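Trainee: Can you walk me through the charged pairs and the surface of this one? I have the model open.

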Amino acid sequence: MIVTSYNSKKLAKKVARRLNVPFIGIKQQSFPDGEMHLQYNKHSLAKHVIIIESFQPDPNETLLRLCLMAKGARQHGAKKITLVAPYLGFMRQDKVFRTGDVQSNVVMGQMLSSFIDKIITIDPHLHRVRSLKEVFACKTTCLSANDTLARYIKRKFKRPVIIGPDWESYQWAEDIAGQIGCDSTVLEKTRYSGRKVSSKLLKPVDLRGKDCIIVDDIISTGHTMLEAMKKARGARSVHAIGVHGLFVEDALKKMSKFDSVLCTNTIEHENSKINVSELIAQCFL
Ligand code: R5P
């Protein structure tokens, strides 16, 4: 069994260390005409290859690279290929929202399913689509970072209250609050565009003197978190925690009023301080 990666090297190396299996690198270059060229740094690979690769940065290029990496692993001896995509991209385009939209989640699923035997991912964006089985033809495992986040919040904050910034987030807000033994509430969010949202507090919760932790699956432009922050008046501190920190369009700069902004290391970033390598490694023990 080997582990390989391009986007998620640090995380993949951590998982390889936990599993005590080799990490094999892959080099990406371009031919003069711009086509992608990939090369494993070993000429024969193990029977079971685990590719650990998040869809950030460069999600479009990553999808192509993953197809080539998986096919290449088979060309070099792998009989079984497991893709661990800690952050799985293309999952938010999960219906035809506007006339002529391409529903890309199923296209991504079909492409990868023809090259891999199994996909493992963490907190994928399952909203309108309820299961990975609707997206992939291969075997699927869906992990949750809730326990990891709950342990982290319990360790770091004295008087936490958990807020989910939209109704879908009740799944993790309630679970995490239950594990910690603190209050939680969720907001109702209306999205007007990729960059404009508003939110309403339906069930108020006492935030006086508390550490308000807003927890979401994805922090992308940061607007969802910033809207939710407006509902956290009275708290002694306000923190944003996301499973997947994409931080596009200067999100971190815009979020500078938060006392802290943290994510798991499903995407490599300076704010990715919460480690999910154990969660991933456990799937292979
Ligand atoms: C959407 O439903 C997700 O759960 C996140 O709330 C969303 O992707 C965050 O995006 P942004 O940071 O751009 O508001």
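Mentor: Helices (H or I, at least four residues) and strands (E, at least two) are DSSP runs, numbered from the N terminus. This is a predicted model, where local features need pLDDT of at least 70, side-chain atom pairs count only at pLDDT 80 or more, and totals for chains, interfaces and linings use all residues. Residues are numbered from 1 along each chain as its sequence is written, and side-chain values use heavy atoms, with hydrogens and water left out.

Trainee: Where is valine 102 found?

Mentor: In the loop between β5 (80-85) and α3 (104-113).

Trainee: Is valine 102 buried or exposed?

Mentor: Exposed, with a relative accessible area of 58%. The cut-offs are under 20% for buried and over 50% for exposed, with partly exposed in between (1.4 Å probe, protein chains only).

Trainee: Salt bridges next. How many?

Mentor: The count is 11 salt bridges, each a side-chain nitrogen of Lys or Arg within 4 Å of a carboxyl oxygen of Asp or Glu. In one of them, glutamate 53 meets arginine 65 at 3.0 Å, N to O. Glutamate 53 is in the loop between β4 (48-52) and α2 (59-75), and arginine 65 is in helix α2, 12 residues apart. Both glutamate 53 and arginine 65 are buried.

Trainee: Which residues are linked in a network with Glu53?

Mentor: Glu61 and Arg65, through salt bridges.

Trainee: What about glutamate 227 and lysine 230?

Mentor: Their side chains form a salt bridge at 2.6 Å, N to O. Glutamate 227 is buried at 13% relative accessible area, whereas lysine 230 is partly exposed at 42% relative accessibility.
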